[in-house]
Amino acid sequence: MRCRAFASAAAVIVVALAAGCATNVAGRKQLMLVSESTAIAQSKQAYVQTMSKLSAEGKLVTDPKVLKRVDTITGRLIAQAILYRPDTKSWEWSVQVIDDPKTVNAWCMAGGRMAIYTGLIQKIDPTDDELAQVMGHEISHALLNHTAERMSMAMAAQLGVVATGVATDSATKMLGAEALAQVGLLLPNSRESESEADKIGMEIAAKAGYDPRAAVTLWKKMEKAGGGGPPQFLSTHPSPGNRQQTLAALAPTMMRYYEAPGVRPVYQLATTPPAKPAGPKAAVQ
C-alpha cells in the first residue's frame, strides 16, 4: 500500500516537473510550476500590504533629495529594462525608500515593485554608479522571472518532502528530505539566479550610463560591511570574493554599452515630478 502511495506521489511530481519547464530572456531553462502572472499578482498584494503598514508607521522616506536620487537612477534602469524585455512596459513600476538604518538591502518583486533600505545607502555610501548596480541587479531578478522560479522550486521541494513522508511514514525522514531539498535544490538555484542577475544587472546599468566597474567596488564595500558572510555552499548568494572576480571579468565586456554615445532614456516614475525631456529619447512612458 505504501509503495503504491509513493508511486502515485512520484508520478504527480514527474508530471509536474515535466510540464513546468520554461526559458527566460537570458536563455536559461527554468522550472515553472507557478506562472509569472500569478507571481506578479501575489507580489502586488504583498507590496501594497507592506507599504501601507510602513507608511502608517512613518517608515517610508519622504526626503525629496533622497527620493529624487533613487528615482532618477531607477528611472534610467527601468527604461533599459523595458528595452531589454518590451512586455514589461505594462508593469506597474515603482520604488520606495524604507527608513531602516540597520538593513543593508534592496529588492524588486515580480511586476517591477521595488524598495531600497536606508541602511544600504548609509552603511555602504554608494556612488550613483554603485547604487545603479544594486538596483539593476534587483530589477534583473524581475526581468528573469526569478520570483516565479523560486516559488516553483519551493513547490517542487514540498512535493518531494510529501512523497518521502508518504513512502516512509516517517516524520524524521520527511525533515531530512526537507533539509536536503534546502541545500541541494533551492540554494544552488538561488546562487545561479544571483549570478544571472549580476550579469544582466550590470548590462542594464551600463546601457543606462552607469560605469560597470562600479560593481566590483560595490561588492568590496558589501564585503566590508558584512564582515565576510557564510560559506558559498550554504549561501543564497555567491561569496563576495568569487562575486568580485566574476564581475571584474565581466566589466570590460560591458564598457561598450557604457561608452556608447547618445541620450539615455528615462522612465518617469509616478513619485517623480515630470521633468523636461533632454532629447528625443529622454522619456519612456
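Reader: Which residues does T147 touch, not counting residues up to four places away in sequence?

Author: First the idea: a contact means heavy atoms within 4.5 Å. With neighbours up to four places away in sequence set aside, T147 touches A39, S43, M109, A110 and H141. T147 itself is found in helix α6, residues 146–168.

Author: Two notes on the ground rules. Residues are numbered from 1 along each chain as its sequence is written, and side-chain values use heavy atoms, with hydrogens and water left out. This is a predicted model, where local features need pLDDT of at least 70, side-chain atom pairs count only at pLDDT 80 or more, and totals for chains, interfaces and linings use all residues.

Reader: Is T147 buried or exposed?

Author: The cut-offs come first: buried is under 20% relative accessible area, exposed is over 50%, and partly exposed is in between (1.4 Å probe, protein chains only). T147 has 12% relative accessibility, so it counts as buried.

Reader: How much of the protein chain is buried?

Author: Buried residues make up 46% of its 285 residues.

Reader: What elements is the protein chain built from?

Author: Helices (H or I, at least four residues) and strands (E, at least two) are DSSP runs, numbered from the N terminus. Here there are nine helices and five strands. Reading from the N terminus, the order is α-β-β-α-α-β-β-β-α-α-α-α-α-α.

Reader: How do I read the packing of α5 and α8?

Author: Two packed helices are described by the angle between their axes and the distance between the axes. Axes are lines fitted to C-alpha atoms, for helices over the stretch in contact, and angles run from 0 to 180 degrees between N-to-C directions. In this model, α5 (residues 128–143) and α8 (residues 214–226) pack at about 85°, with axes 8 Å apart. That makes α5 roughly perpendicular to α8; the label covers 65 to 115 degrees, while under 35 is roughly parallel, over 145 roughly antiparallel and the rest oblique.

Reader: Which residues meet there?

Author: From α5 come D129, E130, Q133 and V134, and they meet A214, A215, T217, L218, K221 and M222 of α8.

Reader: Which residues is S193 in contact with, leaving aside neighbours within four places in sequence?

Author: Those are R28, H141, H146 and E149. S193 is placed in helix α7 (residues 171–207), and S193 is buried, with a relative accessible area of 2%.

Reader: Where is D125 found?

Author: Look in the loop between α4 (118–124) and α5. D125 has a positive phi of about 50° although it is not a glycine, and at 55% relative accessibility D125 counts as exposed.

Reader: What is the average pLDDT of the protein chain?

Author: pLDDT is the predictor's confidence in each residue, from 0 to 100. The average is 79, and 70% of the residues score at least 70. Over residues 180–185 the pLDDT is below 50, and that stretch has nine contacts in the model beyond near neighbours in sequence.
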